[in-house]
Amino acid sequence: MRPDRLAVWCLTVLVAAMLALALMQTGGPGMGRAEKRDFARLNDLTELERFVVCVARKGGQDTLPPTLSPVAACPEDTPREDRFTGAPYRYERQSDTTFQLCARFEVPERLDYRASQLDDETGCITGLYERPAMLNE
């Protein structure tokens, strides 16, 4: 083999190996799509968290609701189910001031957003409802 062809062949093998290594490291296009779907789910849970706090404030009870029933003063277009699978998001009231919102994530360990609040194993974020301060306190 001529030296110039050997150099081209070695360079081609090196580039192919680097591409394969990069795909293994990042997960490739399939992993990118899964991360995008998970980020959409996390955004939905964030919107749903705002909805829960709105219902608690405007629902007349000043505590977290037992279920996610609509209230006229709160946005009704808040996503309540996974747009990709159709599975409902799970709401769990834990006390008058804490709750969890859960979804089934594909690759939760790759989500970097709000990492302190997302439990990778359960797919839940914990929300906190802080009651408005009373005027006479």
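Two strands are said to pair if DSSP finds at least two bridges between them. Helices (H or I, at least four residues) and strands (E, at least two) are DSSP runs, numbered from the N terminus. The model is a predicted one: local features need pLDDT of at least 70, side-chain atom pairs count only at pLDDT 80 or more, and totals for chains, interfaces and linings use all residues. Residues are numbered from 1 along each chain as its sequence is written, and side-chain values use heavy atoms, with hydrogens and water left out.

I begin with the strands. Strand 1, residues 90–93, runs antiparallel to strand 2, and four bridges join them. Glutamate 92 has glutamine 100 of strand 2 as its bridge partner. A hairpin of four residues leads from strand 1 to strand 2. Strand 2 is also joined to strand 4, residues 124–128, by five bridges, again in an antiparallel arrangement. Here phenylalanine 99 stands opposite glycine 127 of strand 4.

Is strand 2 mostly covered or uncovered? Four of its five residues are buried, that is, under 20% relative accessible area, where over 50% is exposed and anything in between partly exposed (1.4 Å probe, protein chains only).

I turn now to the largest nonpolar core, which has 23 residues. Such a core is a set of buried Ala, Val, Leu, Ile, Met, Phe, Trp, Tyr and Cys residues joined through side-chain atoms within 4.5 Å. Residues with the most contacts inside this core include Leu45, Tyr91 and Leu101. Helix 2 (28–58) and strand 2 (98–102) are the elements that give two or more residues to the core; the largest share, nine residues, comes from helix 2.
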